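Trainee: I am new to this structure, and I would like to learn how its terms are used. Could you take me through it?

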There are 2 protein chains.
Amino acid sequence: MSDTENVERFSNVLSGVVKLTKTLSDGRQQIVGLQFAPDFLGRPFQAESTLTAEAATNVELCSFPRQALERMMKEQPDLEHRLLEQKLRELDQARDWMVALGRKTAAEKIASFLLMIARNIDPAAGPELRAAAFDLPLSRAEIADFLGLTIETVSRQLTRLRGNNVIRIDNNRHIVVDDLARLEVRSGD
Amino acid sequence: MSDTENVERFSNVLSGVVKLTKTLSDGRQQIVGLQFAPDFLGRPFQAESTLTAEAATNVELCSFPRQALERMMKEQPDLEHRLLEQKLRELDQARDWMVALGRKTAAEKIASFLLMIARNIDPAAGPELRAAAFDLPLSRAEIADFLGLTIETVSRQLTRLRGNNVIRIDNNRHIVVDDLARLEVRSGD
DNA sequence: CGTTTCCTTGAGCGGTGTCAAGCCGTGTGG
DNA sequence: CCACACGGCTTGACACCGCTCAAGGAAACG
């Protein structure tokens, strides 16, 4: 399952990573959100703005039509409350990335991105893990679209982190971070 | 009233513009949201992330403590629903700006910013107005923090738009746009 | 007046983009 | 099994946009 998803439906992400993309008329793209399990997926109450949801990895979804959701919310106010909390979290995340996009250097963006993946990819991991190993859910091109960079800059910055022994890279996708604190230092926060 | 506001309280913006700012440890700042009348202001259900709300212009607020809001929401589910819709709009706006921050040039950022102000500053104006005149609610430094640029770049791009007769500038703050379509062409969307 | 703050303008530099070449792993067909 | 093509990634050379640093103008205010 790595196709574009219809946003007129709603889903829970059971496993995998879904990317939310916006595209300018001349083709420039920006990934504006990543949804990990067990996030909720969809935008109720309005015609969607020009937003595309696409699987970034193999994804398992629990999906149902818009009307079903809105009916369920009427019957069960608790559901609307949980939806609100999820959307508030997404808003916080979006604003964190705005700082990265607007004010961080390429090196800081890459470090922040790796940290964010390390902390989200394993749902079981607590907030205070010291090391991490994971497969990148995005290609270099997708990372570039997420960070507002080019493929080449992403590649150069990853090579640089490897050269400084902050990360190891296997198969272009698998990343090992022995000391997350060293990444954090470079994330600019 | 142009002071920092306590985010442990909640408010309706009755008039004026409030800016939401995030700051990195070394002082770099990014404005992550602008709230116009009649927007709602505040972040329920959780310790606030590091977000500062500050009046950008003279502002009138209708403010009340956190607990009052959460009590009112329990009693009146409709309120929680309206809050959800507002937060969904804020999320859409945040994602629009992520595209601007990540993928637009300085010139496009400035054009997009002016368009956005023109459309929000007068709550009465419909979506299809052809011309606009308004006072910028932000200083050059604040515009820079909003667009991920420097003061100098903001100034140069505004001068350039004036040189091309797309806008007129009085008193450094008052902007006149005779043809919004010409701005839209330069906004990159 | 002088001072301050905000803004503009210029000169030069650097980080990131652009363009181009080549590498590596994988799949495909002979 | 090899030859080849292909996509994803890396690396290098160079250009340019936007940043840095610096000087000075304009308006507000003492």
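Mentor: Gladly! A base nitrogen of DNA strand C is 3.0 Å from an N or O atom in the side chain of E152(A). This is a predicted model, where local features need pLDDT of at least 70, side-chain atom pairs count only at pLDDT 80 or more, and totals for chains, interfaces and linings use all residues. Side-chain values use heavy atoms, leaving out hydrogens and water.

Trainee: What makes the pair of E152(A) and a base nitrogen of DNA strand C a polar contact?

Mentor: A polar contact is a pair of N or O atoms within 3.5 Å, and the pair here is 3.0 Å apart. R156(A) has a side-chain N or O atom 2.9 Å from a base oxygen of DNA strand C, and R156(B) places a polar side-chain atom 2.8 Å from a base nitrogen.

Trainee: Which elements give two or more residues to the surface near DNA strand C?

Mentor: They are α5 (151-163) of chain A and α5 (151-163) of chain B. Near means that a heavy atom of the residue lies within 4 Å of the strand. α5(B) gives the most, with five residues.

Trainee: How do you know that α2(A) is mostly covered?

Mentor: Buried means under 20% relative accessible area (1.4 Å probe, protein chains only), and 19 of the 27 residues of α2(A) are buried.

Trainee: Why is the span of helix α2 (residues 77-103) of chain A said to agree with expectation?

Mentor: The expected span is 1.5 Å times one less than the number of residues. For the 27 residues of this helix that gives 39 Å, and its end C-alpha atoms are 39 Å apart, so the two agree.

Terms used. Residues numbered from 1 in each chain as written. Chains lettered and ligands numbered in written order. Polar contact = N/O pair within 3.5 Å; in protein donor to acceptor, adjacent residues only side chain to side chain. Helix = DSSP H or I, 4+ residues; strand = E, 2+ residues; numbered from the N terminus. Buried < 20%, exposed > 50% of the residue type's maximum accessible area, 1.4 Å probe, protein only.
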